[in-house]
Amino acid sequence: MISNNLGKTALLATLLAALSVPAFANVSYNAVTDFPTITASTNPQIAYGVWSYGYATTLSPVNFSFDSTATTDYFGDGGSAAGFYETTSGGGYGQYPLPTVLKNTTGGTIGTEGGTIGPWPANLLLLHPGPSGDYSVVQFTAPTTATYVVTGEFLAIGNFSGVTDDSVSLTSASGSSSTTLYTTTSSTTPYDFTFSQTLTAGESLDFAVGWGPGNQFAYDSTGFDATITATPEPSFYGALALGMSGLLVAI
(Lines give C-alpha, C1' and ligand atoms only; values in the text may rest on other atoms or scores of the structure.)
Protein backbone atom coordinates (compact mmCIF):
# COMPACT_ATOMS: atom_id res chain seq x y z
CA MET A 1 0.00 0.00 0.00
CA ILE A 2 1.21 3.50 -0.82
CA SER A 3 1.06 5.75 2.20
CA ASN A 4 2.46 9.07 1.07
CA ASN A 5 1.44 11.62 -1.54
CA LEU A 6 4.82 11.50 -3.25
CA GLY A 7 4.43 7.81 -3.88
CA LYS A 8 0.90 8.30 -5.19
CA THR A 9 2.03 11.00 -7.56
CA ALA A 10 4.87 8.87 -8.86
CA LEU A 11 2.54 5.92 -9.42
CA LEU A 12 0.03 8.09 -11.28
CA ALA A 13 2.75 9.50 -13.52
CA THR A 14 4.01 6.00 -14.26
CA LEU A 15 0.52 4.77 -15.00
CA LEU A 16 -0.25 7.57 -17.43
CA ALA A 17 3.04 7.05 -19.21
CA ALA A 18 2.37 3.35 -19.49
CA LEU A 19 -1.05 4.04 -20.96
CA SER A 20 0.54 6.32 -23.56
CA VAL A 21 -2.07 9.06 -23.27
CA PRO A 22 -2.35 10.39 -26.82
CA ALA A 23 -1.37 14.04 -27.22
CA PHE A 24 -3.76 14.33 -30.17
CA ALA A 25 -6.88 13.52 -28.15
CA ASN A 26 -9.66 16.01 -28.84
CA VAL A 27 -7.46 18.27 -30.97
CA SER A 28 -9.48 20.19 -33.56
CA TYR A 29 -8.50 21.48 -36.99
CA ASN A 30 -10.51 24.04 -38.95
CA ALA A 31 -10.24 24.65 -42.69
CA VAL A 32 -10.84 28.40 -42.41
CA THR A 33 -8.94 29.41 -39.27
CA ASP A 34 -6.00 27.13 -40.15
CA PHE A 35 -5.66 28.62 -43.65
CA PRO A 36 -2.11 30.00 -43.99
CA THR A 37 -1.33 33.69 -44.13
CA ILE A 38 -0.33 34.28 -47.74
CA THR A 39 2.76 36.37 -48.54
CA ALA A 40 4.89 36.89 -51.63
CA SER A 41 7.10 33.99 -50.51
CA THR A 42 4.32 31.49 -49.69
CA ASN A 43 5.05 28.10 -51.28
CA PRO A 44 1.89 26.56 -52.79
CA GLN A 45 3.58 23.19 -53.31
CA ILE A 46 3.66 22.05 -49.68
CA ALA A 47 1.22 21.08 -46.95
CA TYR A 48 0.46 23.62 -44.24
CA GLY A 49 0.08 21.48 -41.16
CA VAL A 50 -2.60 18.91 -41.94
CA TRP A 51 -4.00 20.93 -44.89
CA SER A 52 -3.06 20.95 -48.57
CA TYR A 53 -4.58 22.98 -51.41
CA GLY A 54 -4.86 21.90 -55.01
CA TYR A 55 -6.90 20.18 -57.65
CA ALA A 56 -7.73 16.79 -59.14
CA THR A 57 -8.83 15.60 -62.56
CA THR A 58 -10.55 12.51 -61.16
CA LEU A 59 -12.08 11.42 -57.86
CA SER A 60 -11.62 7.68 -58.43
CA PRO A 61 -9.06 7.87 -57.01
CA VAL A 62 -8.54 11.51 -56.05
CA ASN A 63 -5.34 12.24 -58.01
CA PHE A 64 -4.46 15.29 -55.94
CA SER A 65 -1.91 17.83 -57.19
CA PHE A 66 -0.81 21.00 -55.44
CA ASP A 67 -1.86 24.31 -56.97
CA SER A 68 1.03 26.04 -58.69
CA THR A 69 0.62 29.66 -57.57
CA ALA A 70 -0.05 31.62 -54.40
CA THR A 71 -1.77 35.01 -54.55
CA THR A 72 -2.18 37.77 -51.96
CA ASP A 73 -4.71 39.67 -54.11
CA TYR A 74 -6.64 37.30 -56.37
CA PHE A 75 -9.19 39.85 -57.60
CA GLY A 76 -6.70 42.69 -57.94
CA ASP A 77 -8.78 45.00 -55.77
CA GLY A 78 -6.35 45.62 -52.94
CA GLY A 79 -6.49 42.29 -51.15
CA SER A 80 -10.01 40.99 -50.45
CA ALA A 81 -9.04 37.39 -51.23
CA ALA A 82 -5.81 35.42 -50.92
CA GLY A 83 -4.99 31.79 -51.58
CA PHE A 84 -3.89 29.38 -54.26
CA TYR A 85 -4.70 28.71 -57.92
CA GLU A 86 -3.62 26.55 -60.82
CA THR A 87 -2.44 27.98 -64.14
CA THR A 88 -1.97 24.85 -66.27
CA SER A 89 -5.57 23.77 -66.82
CA GLY A 90 -6.61 26.08 -69.65
CA GLY A 91 -7.44 29.42 -68.10
CA GLY A 92 -10.47 30.74 -66.24
CA TYR A 93 -12.47 33.93 -66.09
CA GLY A 94 -10.21 36.29 -68.04
CA GLN A 95 -7.51 37.34 -65.58
CA TYR A 96 -8.85 34.96 -62.90
CA PRO A 97 -7.12 31.58 -63.32
CA LEU A 98 -8.88 28.43 -62.13
CA PRO A 99 -9.25 26.10 -60.23
CA THR A 100 -8.68 28.01 -57.05
CA VAL A 101 -8.94 27.88 -53.23
CA LEU A 102 -9.30 31.30 -51.60
CA LYS A 103 -9.85 32.86 -48.20
CA ASN A 104 -11.94 35.99 -47.65
CA THR A 105 -9.41 38.25 -45.90
CA THR A 106 -11.71 41.22 -45.23
CA GLY A 107 -13.05 39.94 -41.92
CA GLY A 108 -16.62 40.49 -43.15
CA THR A 109 -19.02 39.41 -45.87
CA ILE A 110 -18.05 40.34 -49.44
CA GLY A 111 -21.17 41.47 -51.28
CA THR A 112 -19.89 41.20 -54.86
CA GLU A 113 -16.43 40.43 -56.18
CA GLY A 114 -14.96 39.87 -59.64
CA GLY A 115 -18.42 40.15 -61.18
CA THR A 116 -19.04 36.48 -60.43
CA ILE A 117 -19.40 35.90 -56.69
CA GLY A 118 -21.28 37.19 -53.66
CA PRO A 119 -22.30 37.26 -50.99
CA TRP A 120 -19.22 35.52 -49.60
CA PRO A 121 -19.08 35.27 -45.77
CA ALA A 122 -15.69 35.33 -44.06
CA ASN A 123 -16.30 31.99 -42.33
CA LEU A 124 -16.14 30.04 -45.61
CA LEU A 125 -13.29 29.32 -48.01
CA LEU A 126 -14.07 29.71 -51.71
CA LEU A 127 -13.48 26.72 -53.97
CA HIS A 128 -13.96 26.97 -57.73
CA PRO A 129 -13.43 24.16 -60.27
CA GLY A 130 -11.39 24.64 -63.43
CA PRO A 131 -12.40 25.06 -67.07
CA SER A 132 -11.12 21.63 -68.07
CA GLY A 133 -13.33 19.71 -65.67
CA ASP A 134 -10.80 19.62 -62.86
CA TYR A 135 -11.94 19.70 -59.25
CA SER A 136 -10.84 22.24 -56.65
CA VAL A 137 -9.64 20.26 -53.61
CA VAL A 138 -8.85 21.00 -49.98
CA GLN A 139 -7.09 17.97 -48.51
CA PHE A 140 -6.86 17.01 -44.83
CA THR A 141 -4.18 14.41 -44.01
CA ALA A 142 -4.51 12.51 -40.73
CA PRO A 143 -1.42 13.18 -38.57
CA THR A 144 -2.01 10.02 -36.54
CA THR A 145 -4.38 7.09 -36.35
CA ALA A 146 -7.60 8.09 -34.59
CA THR A 147 -11.34 8.48 -35.01
CA TYR A 148 -12.09 11.90 -36.43
CA VAL A 149 -15.40 13.74 -36.08
CA VAL A 150 -16.03 15.91 -39.14
CA THR A 151 -18.57 18.74 -39.38
CA GLY A 152 -18.85 21.31 -42.15
CA GLU A 153 -20.80 22.71 -45.05
CA PHE A 154 -20.87 23.53 -48.75
CA LEU A 155 -22.76 26.61 -50.02
CA ALA A 156 -23.14 28.07 -53.52
CA ILE A 157 -21.88 31.66 -53.50
CA GLY A 158 -21.78 32.44 -57.22
CA ASN A 159 -23.64 35.60 -58.25
CA PHE A 160 -25.70 33.63 -60.73
CA SER A 161 -26.07 30.49 -58.62
CA GLY A 162 -23.91 28.08 -60.51
CA VAL A 163 -24.48 24.45 -59.51
CA THR A 164 -21.58 22.22 -58.48
CA ASP A 165 -21.05 18.68 -57.23
CA ASP A 166 -19.45 18.68 -53.80
CA SER A 167 -17.92 15.62 -52.20
CA VAL A 168 -15.85 14.24 -49.36
CA SER A 169 -13.60 11.28 -50.20
CA LEU A 170 -11.39 9.04 -48.09
CA THR A 171 -8.08 8.45 -49.87
CA SER A 172 -5.47 5.89 -48.91
CA ALA A 173 -2.05 7.01 -47.73
CA SER A 174 -0.56 5.76 -51.02
CA GLY A 175 -3.13 7.72 -53.03
CA SER A 176 -4.01 4.60 -55.01
CA SER A 177 -7.64 4.33 -53.91
CA SER A 178 -10.46 6.61 -52.80
CA THR A 179 -13.92 6.02 -51.36
CA THR A 180 -16.63 8.68 -51.61
CA LEU A 181 -18.10 9.25 -48.14
CA TYR A 182 -20.52 12.08 -48.90
CA THR A 183 -21.68 13.88 -52.02
CA THR A 184 -24.21 16.63 -52.72
CA THR A 185 -25.13 19.34 -55.19
CA SER A 186 -24.45 22.85 -53.92
CA SER A 187 -27.26 25.36 -53.58
CA THR A 188 -27.93 28.69 -51.90
CA THR A 189 -29.12 26.63 -48.91
CA PRO A 190 -26.11 25.31 -46.98
CA TYR A 191 -25.48 21.58 -47.17
CA ASP A 192 -24.31 20.64 -43.69
CA PHE A 193 -22.50 17.37 -43.07
CA THR A 194 -21.48 15.55 -39.89
CA PHE A 195 -19.84 12.15 -39.67
CA SER A 196 -17.09 10.25 -37.89
CA GLN A 197 -14.36 8.31 -39.64
CA THR A 198 -11.41 6.27 -38.41
CA LEU A 199 -8.28 7.29 -40.30
CA THR A 200 -4.84 5.77 -40.16
CA ALA A 201 -1.88 8.14 -40.21
CA GLY A 202 -1.32 9.40 -43.76
CA GLU A 203 -4.84 8.77 -45.01
CA SER A 204 -6.67 11.86 -46.23
CA LEU A 205 -10.10 13.38 -46.49
CA ASP A 206 -10.46 15.21 -49.80
CA PHE A 207 -13.08 17.95 -49.97
CA ALA A 208 -13.75 18.57 -53.67
CA VAL A 209 -15.89 20.91 -55.77
CA GLY A 210 -16.58 20.02 -59.42
CA TRP A 211 -18.65 21.18 -62.37
CA GLY A 212 -21.93 19.65 -61.24
CA PRO A 213 -24.91 18.61 -63.41
CA GLY A 214 -24.65 21.80 -65.49
CA ASN A 215 -21.40 20.41 -66.95
CA GLN A 216 -19.71 23.80 -67.04
CA PHE A 217 -17.64 25.89 -64.64
CA ALA A 218 -19.30 29.34 -64.92
CA TYR A 219 -20.38 30.90 -61.59
CA ASP A 220 -19.40 27.76 -59.68
CA SER A 221 -17.84 29.52 -56.67
CA THR A 222 -18.68 27.37 -53.65
CA GLY A 223 -18.21 28.19 -49.98
CA PHE A 224 -16.68 25.47 -47.80
CA ASP A 225 -15.75 24.92 -44.19
CA ALA A 226 -14.91 21.89 -42.07
CA THR A 227 -13.91 21.28 -38.47
CA ILE A 228 -12.15 17.97 -37.84
CA THR A 229 -11.62 16.73 -34.29
CA ALA A 230 -9.43 13.78 -33.34
CA THR A 231 -10.76 11.61 -30.52
CA PRO A 232 -9.11 8.65 -28.75
CA GLU A 233 -10.08 5.16 -29.81
CA PRO A 234 -12.51 3.33 -27.46
CA SER A 235 -9.70 0.92 -26.54
CA PHE A 236 -7.85 3.85 -24.97
CA TYR A 237 -10.69 4.49 -22.55
CA GLY A 238 -10.82 0.81 -21.65
CA ALA A 239 -7.11 0.78 -20.86
CA LEU A 240 -7.45 3.99 -18.87
CA ALA A 241 -10.30 2.56 -16.78
CA LEU A 242 -8.36 -0.62 -16.11
CA GLY A 243 -5.28 1.32 -15.12
CA MET A 244 -7.17 3.68 -12.83
CA SER A 245 -8.84 0.77 -11.09
CA GLY A 246 -5.40 -0.65 -10.41
CA LEU A 247 -4.29 2.71 -9.05
CA LEU A 248 -7.22 2.82 -6.65
CA VAL A 249 -6.35 -0.64 -5.37
CA ALA A 250 -2.72 0.38 -4.88
CA ILE A 251 -3.72 3.51 -2.99
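Which residues is Leu125 in contact with, leaving aside its neighbours within four places in sequence? In this predicted model, local features need pLDDT of at least 70 and side-chain atom pairs count only at pLDDT 80 or more, while totals for chains, interfaces and linings use all residues. Residues are numbered from 1 along each chain as its sequence is written, and side-chain values use heavy atoms, with hydrogens and water left out.

With contact taken as heavy atoms within 4.5 Å, the list for Leu125 runs to Ala31, Val32, Phe35, Val101, Leu102, Lys103, Trp120, Val138, Thr222, Gly223 and Phe224. Leu125 also turns up, with Trp51, Phe140, Phe207 and Phe224, among the residues with the most contacts inside the largest nonpolar core, which has 32 residues. Such a core is a set of buried Ala, Val, Leu, Ile, Met, Phe, Trp, Tyr and Cys residues joined through side-chain atoms within 4.5 Å, buried being under 20% relative accessible area with a 1.4 Å probe, protein chains only. Apart from it lies another core of 15 residues, including Tyr74 and Ile117.

Val50 sits in the loop between strands S1 (27-30) and S2 (51-56), strands being DSSP E runs of at least two residues, numbered from the N terminus. Beyond four places in sequence, Val50 is in contact with Tyr29, Gln139, Phe140, Thr141 and Pro143. Its C-alpha atom is separated by 9.2 Å from that of Ser204, 154 residues apart along the chain.

Another loop, between strands S8 (100-104) and S9 (125-128), holds Glu113. Not counting residues up to four places away in sequence, Glu113 touches Phe75, Asp77 and Ser80.

Terms used
Buried < 20%, exposed > 50% of the residue type's maximum accessible area, 1.4 Å probe, protein only. Helix = DSSP H or I, 4+ residues; strand = E, 2+ residues; numbered from the N terminus.
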